[in-house]
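Some notes on this model follow, as numbered points.

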Amino acid sequence: QELFGKQIQIAKEIDIPIVVHAGYRTDKNIVKIIKQEKAQDVGGQIHGYMSDEKLVSELLDMGFYFSFGYIHPKEEELRKIIEITPLDRILTETDAPYHLLENPKRFILPEDIILISNEIAKLKEITDEGFARQVMRNTKELFRC
């Protein structure tokens, strides 16, 4: 927790957004530290997030983006998070080489970003091309490029 706080302080000093993997049942602590350190001053990207909708809303209210690296048909919680995340706060990633548990020989690879994006576009009821353009806008806004 102390190191995470220091990393946020460094990001604030050099004015860059933070990228946080928020999984493994630590989500509440991560949100608490983000608030304490005022990480919303630089913004950031949250990935690997699988917690409750209240914490998602808190992070969205602070201006954070959520990135999604895979869609697993059995993970209803993940689908709910995607559904409540506005299009202008979504990023994509592959989290490669993420290992799909139902098939030990199958990993998610960088080229799978198309499949991931298409699945999210379907959930958000937008065209694949429209979703890709929105994600590019979101990326440029977050990383100030």
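1. The model is a predicted one. Its largest nonpolar core has 33 residues, and those with the most contacts inside it are Ile18, Ile34, Ile46, Tyr49 and Leu59. Two or more residues each come from helix H1 (2-14), strand E1 (18-21), helix H2 (27-36), helix H3 (53-61), E3, H4, H5 and H6.

2. Leaving out residues up to four places away in sequence, Ile18 touches Ile8, Ala11, Ile34, Ala39, Val42, Gly43, Gly44, Gln45 and Phe64. One of these, Ile34, is also listed with Ile18 among the residues with the most contacts inside the core.

3. On the overall layout: the chain has six helices and four strands. From the N terminus on, their order is α-β-α-β-α-β-α-β-α-α. Of the 145 residues, 43% count as buried. Among contacts between residues at least 6 apart in sequence, 64% join residues at least 24 apart.

4. Helix H5 (residues 113-124) has twelve residues, which at 1.5 Å a residue should span 16 Å; the end C-alpha atoms are 16 Å apart, so the two agree. Which residues of H5 are buried? They are Ile116, Ser117, Ile120, Ala121 and Lys124. Viewed down the axis of H5, these buried residues fall within an arc of 135°, and therefore line one face of the helix. An α-helix has 3.6 residues a turn, so residues three or four places apart point the same way.

5. The face turned away from the buried side carries Ile114, Leu115 and Lys122, which are exposed. The reader may wish to look at Ile114 and Leu115 on that exposed face, and at Lys124 among the buried residues.

6. Glu125, which follows H5, has a positive phi near 55°, although Glu125 is not a glycine. Glu125 lies in the loop between H5 and H6 and is exposed, with a relative accessible area of 75%. Arg144 is likewise not a glycine and has a positive phi of about 55°. Arg144 is in the segment after H6 and is partly exposed, at a relative accessible area of 43%.

7. Asn138 belongs to helix H6. Is Asn138 buried or exposed? At 2% relative accessibility, under the 20% cut-off, Asn138 counts as buried. Apart from neighbours within four places in sequence, Asn138 is in contact with Tyr65, Leu87, Asp88, Arg89, Ile90 and Leu91.

8. Two of the residues that Asn138 contacts, Tyr65 and Arg89, are also paired with each other: the charged end of Arg89 sits over the ring of Tyr65, 5.8 Å from its centre. How many aromatic pairs are there? The count comes to zero.

9. Gly48 is in the loop between strand E2 (44-47) and H3. At 30% relative accessibility, Gly48 is partly exposed. The C-alpha atoms of Gly48 and Ser67 are separated by 7.8 Å, with the two residues 19 apart along the chain.

Technical notes: Residues are numbered from 1 along each chain as its sequence is written. This is a predicted model: local features need pLDDT of at least 70, side-chain atom pairs count only at pLDDT 80 or more; totals for chains, interfaces and linings use all residues. Side-chain values use heavy atoms; hydrogens and water are left out. Rings of Phe, Tyr and Trp (its six-membered ring) pair if their centres lie within 6.5 Å; planes under 30 degrees apart count as stacked, over 60 as edge-to-face and the rest as tilted. A charge sits over a ring if NZ of Lys or CZ of Arg is within 6 Å of the ring centre and within 35 degrees of the ring normal. The expected span of a helix is 1.5 Å times one less than its number of residues. Buried means under 20% relative accessible area, exposed over 50%, partly exposed in between (1.4 Å probe, protein chains only). The arc is that of the directions from the helix axis to the C-beta atoms. A nonpolar core is a set of buried Ala, Val, Leu, Ile, Met, Phe, Trp, Tyr and Cys residues joined through side-chain atoms within 4.5 Å. Contact means heavy atoms within 4.5 Å.
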